[in-house]
Amino acid sequence: MVNYILPKYDNHRNWIRGAREHDIQWKDIEYANKENEKELNKFLEMQKETNWWEEINSIGWKEIVNQEKKAEEQTKDAEFMEGTSMILDENQDNAVTVPTDKKSAWILYKNNLLKQGFKDKVVDNIEKSSIKILKRLSSNTVDSNPIKGLVIGNVQSGKTSNMAALMAMSADWGWNMFIVLSGTIENLRDQTQTRLLNDLNFPGNLIWRGIEHPAKKISLGQRTQDLHFEDDSVERYFTVCLKNAGRLKKLIQWLQSDANKQKHMKILVIDDEADQAGINTADITDITNNQRKTINGLIVNLVNGKNEKSEEINSHYQAMNYIGYTATPYANILNEHGEESLYPRNFISALGVSKEYFGPQQIFGVDSDEYDGMNIVRIIDEGNLERIKDIHDGTIADIPDSLKNAICWFLCGVASMRLWNYKKAISMLVHSSQRQDHHQHIADSIQRWLQQNNDEYVCKKCEEIWNDETNKFTFENFKEQYPDYDRTDEEINKYPKFTEIEDEIRVLLKQITNIHLDSEDELEYHNGIHVCIDNCSKNRVTNDGMHVRLAYPDAKSMPKPAPAFIVIGGATLSRGLTIEGLISTYFLRSVGQADTLMQMGRWFGYRKGYELLQRLWITPKTKEQFEFLSELDQDLRNEIKYMDSMGIKPENYGPKVKNTPKYSFIRVVAKNKMQSAKPSDMDYTGASMQTYLFYRNNEILKHNINIVETFLNSLGELEEKKSKNKHAKNNLIWRNIKFKEISKMLEKYKFVDRLKSFNDIDSIAEWINKVTDEGKLTDWNVIVSGNESNKYGAWDNLKQGTVNIVSRTQKDENSDIVDIGVLSNPTDIISDIVLNNKDEEFIEKINKCKSKEVRILRNGNKSGLDMTPQLIIYKVSGRSKASNTNKNRYDLNLDEDIVGLSINIPGGKRGTNYVETVSIHIKNDIFDDEGDLDDTNED
C-alpha cells in the first residue's frame, strides 16, 4: 500500500492547498479542476514532466485529496475548540495568502514574536486569525462601501500582538496607510506608537514610517504630498491617533490634503478599545436631530470618506477598511446599525486565547461549560465592608481582617517570587472606590497597619494566611480546575515552605514608602513595599521628594530583587493599564454595567511563573456579577461560533446577547450605548439552560420528582432503540411532544430563585409559543438521560421504561443550596439524532464527537433536528459520592434524589434569523445611565 504522507508528495499537497486558498471546492479539486478522470490523468502526467512531481495515478491523487480534506476539517475543529470563529457577509474572501518571504513584514514580525518567547502554537494562532481577517478586507472600495468589521478579544490577552500581525500581513499585500485609534491618554498613545514602530520596522522588503500628530500643517517630509502611496512603493505609513476631536479633525484634513495622494491610499483603520469614546450616544430615535456625538461623528466621517464637517468630497481613498477591537463588544453590536454607522456589517470575529490565559471562564467558571472555576476567590463580608466605609469617611484607621489577609498574602507571594528569581514588578491592587479622598484614606490605613505592627506580629499573621491559603488551593487543585493549562508540571512553581520565605517578608517590611526620587529626579526603587495612589490628583511630586503615582521601572533597568507595589486607585486602573505581576486584588467597586465591570478585571491575563499565587477578595454581589459575566461572555462567543457554522451573515444577524432576566441586577452596557436593542422582545435562539442549583429541602425535592414523573408518564410510547447513535443507548427518548405539555410541568416545578435563566419562565414560554406558531420551531424531543452503570439504582417509576440514575457531586456541603456546577452530559444533546440513514462519515463524526462540538452537529442540516428543541431530564442520586482525588467536590448527602432539567433551543436554520436585532429583557431599572452607584469625584 502506497504511503501518500511521504514528503515526495508535497508538490501534490501544495497544489491542493493553493486551490483551497483560492476557494476551489473539494468536488472540483478531486479532478484537479478538470472535466473528467481522463483530463485529470493528463494533468498529473504533465506535472510529472514539467514540474518533477512524483508519478501518481488518479486513484492516488484522490487519496491525497481525501487526506487534505480531513486535515482541513480537523483544523476547523481545533479552531472551534480554541474559541476562534468568524461570521461573515455574502462577499467572497479575497485571494490573499500568508506571506512566506523571509523579508516580508509578517515573517519578520513572526520571528520577533518567537524571539520574545511566544510559543509556536500561540504564533500559529495569531497567524490563522490574522489571515482570516485579512481575507475579509478589500484593497479597492472605490465603487463599494467601506469594509466594517469587529474583532472580539479578551481582557488583557495581548490583542496588540494580533493588531500588529494584521498590520504586517496587510502591508505585505499592499495596504499602505494604517491608522490606530487609541484611547484618550497621550502617554499611552505615545507608548503604542513607539511599540508598533519597534515591533514592525525591521530591515526587509518594506520600510515603516510613523507619522506623529498628522495635520495640514506638519513638518516637511510628513506632509501627505511628501509620501509615497504608489503600488510600487516599499514605504508603509502608520499613525496612532487619540480619540480626541481636535486630533481626529486634523487627521482627516491631513489625509484629504492632496487628492492625488488620497486616491492611492489603501487604508486600514484599527479602533483599539472600540467600545470606548467612539460610540454614538446621541438619541438615534430623534429623527429631527441627525447629529452624532462629536468623536463618533468624526470617526464615521473618516471611515465613510467625508471631511471633518461631515460633507461629501470629490476625492476618494482607493480602499477604506475599519476594524474595531475590543474585549467587551456589547455597545458595538447594540448601539446602531444604519448604513453609515460603524456597525460591523461585513464580519465579526472572535479571537481565541492560548491555554495559558486566565480569563473569566477559568477563574469564575461557566454553568454550562467544563470549568467550575478556580478556588482563588475570597468573599468580603458585611462587617468588613462597614469597616472600609468608615475608612473612606476618615473616621477609623484600623483595616478589616479581609484586607489584612490580602496584604499578608501579597507579602508571602512577593517573597516566593523573589525566591524563584522572578525578574519583573509584582503588585497588589486595592480598588475600593472612585473617589480620590477615599484612595488617600485607604493608603494611609494600609501604611499605618504595616508600620505600627512589629515584624513578629505581621510574620505570624503571614504564616497563618500562607498555611490556610496553600491548603485551600493546592497544586493538585490547580491541575483539576484548569485541566488543559498548557504548561508542564515541571514549569509551574510550587509553593515553598513558609520558613523559606520568612526572611524575605522581613526585608519587605523594612521600607514602606512611596517611590523615591534620587538627586537627579530619577525614580529610585528599594527592596521594601512601594505604596502608590494612582489618580489624577497625584501627578506632582510631594514636598519630601516622593513620587506617589504608579510608575513601574523600565524593563531595561529592572532592579533586583523584583520590586513590590501596593496600588490604590479607581478609574485609571480600570481599562488599558496592565497591573504588572498582580497576585493579590482587593476589589469593592459596585458597578451596574457588564462591559465596565469586565474591563475592571485586571486579574485576567497571563500568569506564567506564578500560576498558584493569584488571589481575589471581592463582595458576594461582585462575585455573582462576574459569574454572570463569565457566562455572558461565553454565550456571545458561542453565538458567533454557531452562526459561523450556520453561515448567517452579520448584516442580517443582529448578534444576540443572551436575554434572560439576569439583566435585573446588571446592565450589559449603558442605556445610551444600546440604542438598537429592543427591551420589549425576548429571544432565546440557541439558548441552553439547565438547573444546577437545588433546594436542600426534602419536600421540594419530592415535589419536583412527582411533577416530572407525572409529566413523563403522560407522554405515551417511547421511541424504539434502533439508531446507530451510541449516545442514545442509555437514554429514553420521546419525539414530537407539544410544548404546552412541557410548559405545564415547568410551571409547577420549583426552581431555585438564583437560577436566573428560569426565574421568568412565563417569558420563556411566551417566546417559544410565538416562534413555534410562526413555524420556526417544531415540537419537542424529550430525553431522560441514564447512566451505563446501575451503581445508584434505577429510575423505575416510569411507565414506558427504566434508566439507571446518574450521579453528581456538590461544590459546598455547608450551603443551604445544593450547587452541582454542571447538570447535563454534553453528548446527551446529540443522543436524539437518528443515524440509520446517514452517511458513514456523519455517523463516525457523531459517535466520536467532543463535547464542544455537540451544538454545531445538532444545529447542522444533516442532523434533521435544526428546528427541534429538546428537554433533557436527569434523576441524580442523593447518595452520590465524590471522587477521592477531587478535594473541591463533596458527597451530596441528600435523603431524596434530585430531578434536574436541561433545555436546548436550536440556533436557527441557515439563512434565517428569529429576530432582526438583539432583544434584552430588563426587569428593574435601578442604575443610572453610567451604571455606577458611586460616581462622584472621579479620578
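**Two packed helices**

Reply: Helix α15 (residues 401-419) packs with helix α19 (residues 498-510) at an angle of about 110 degrees, and their axes are 8 Å apart. Helices here are DSSP runs of H or I with at least four residues, numbered from the N terminus. Axes are lines fitted to C-alpha atoms over the stretch in contact, with angles from 0 to 180 degrees between N-to-C directions.

Me: So how is α15 set against α19, in words?

Reply: That angle makes α15 roughly perpendicular to α19, a label for 65 to 115 degrees. Keep in mind that this is a predicted model, where local features need pLDDT of at least 70, side-chain atom pairs count only at pLDDT 80 or more, and totals for chains, interfaces and linings use all residues. Residues are numbered from 1 along each chain as its sequence is written, and side-chain values use heavy atoms, leaving out hydrogens and water.

Me: Which residues of α15 and α19 meet?

Reply: Among them are Leu411, Val414 and Arg418 in α15, and Phe498, Ile501 and Leu508 in α19. Contact means heavy atoms within 4.5 Å.

Me: New topic: how many helices and strands are in the chain?

Reply: The chain has 26 helices and 29 strands, a strand being a DSSP run of E with at least two residues.

Me: And what share of the residues is buried?

Reply: Of the 939 residues in the chain, 56% are buried, meaning under 20% relative accessible area with a 1.4 Å probe, protein chains only.

Me: How much of the contacts is between residues 24 or more positions apart?

Reply: Such pairs make up 80% of the chain's contacts with a separation of 6 or more.

Technical notes. Angles under 35 degrees count as roughly parallel, over 145 as roughly antiparallel, 65 to 115 as roughly perpendicular and the rest as oblique. Buried means under 20% relative accessible area, exposed over 50%, partly exposed in between (1.4 Å probe, protein chains only).
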